[in-house]
Amino acid sequence: MYTGTLSFDLLLGDVRSLKEKRSVVRPIVAELRRRYAVSVAEVGDQDLYRRAHIGLAVVSGDTGRLTEVLDQCERWVADRPEVELLSVRRRIHGGEDE
């Protein structure tokens with residue numbers, strides 16, 4: 001079994017309140033969940049209205065499929081016009097990891 005995670009640090013565009021932030025972040029989280037069947041949530045920077053930190057996790061029995069899903073998710077977020085992707089952190093853990 002292999003697990004992979006992505007951590008996205010996002011800068012939001014023309015957002016002036018936490019309510020506007022939610023209207024940008026929630027659809028991104030929902031679409032990642034729907035499109036790629038991953039576990040995803042906003043995991044940080046909840047009190048900053050122009051920044052968002054989104055965490056994503058995938059479990060697979062095959063590293064090739066795991067990497068493919070992580071790559072697709074990363075490209076999809078990077079292509080969103082309403083956010084600027086500042087950084088992505090990727091981790092992959094295998095069955096032999098402690």
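At what angle do helix H1 and helix H2 pack, and how far apart are their axes? The model is predicted, so local features were taken only at pLDDT of at least 70 and side-chain atom pairs only at pLDDT 80 or more, while totals for chains, interfaces and linings use all residues. Residues are numbered from 1 along each chain, and side-chain values use heavy atoms, without hydrogens and water.

H1 (residues 18–36) and H2 (residues 63–78) pack at about 145°, with axes 11 Å apart. Axes are lines fitted to C-alpha atoms, for helices over the stretch in contact, and angles run from 0 to 180 degrees between N-to-C directions. Helices (H or I, at least four residues) and strands (E, at least two) are DSSP runs, numbered from the N terminus. H1 contributes Ile28, Glu31, Leu32, Arg35 and Tyr36 to the contact (heavy atoms within 4.5 Å). H2 contributes Val69, Gln72, Cys73, Trp76 and Val77.

Just after H1, Ala37 has a positive phi of about 55°.

The four strands form an open antiparallel sheet in the order E2-E3-E1-E4. Strands pair if DSSP finds at least two bridges between them. E2 and E4 are the edge strands, each with a single partner, so one side of each lacks a neighbour in the sheet. The twist averages 20° from one strand to the next. E1 and E4 are joined by 10 bridges. H2 packs on the sheet and touches E1, E3 and E4.
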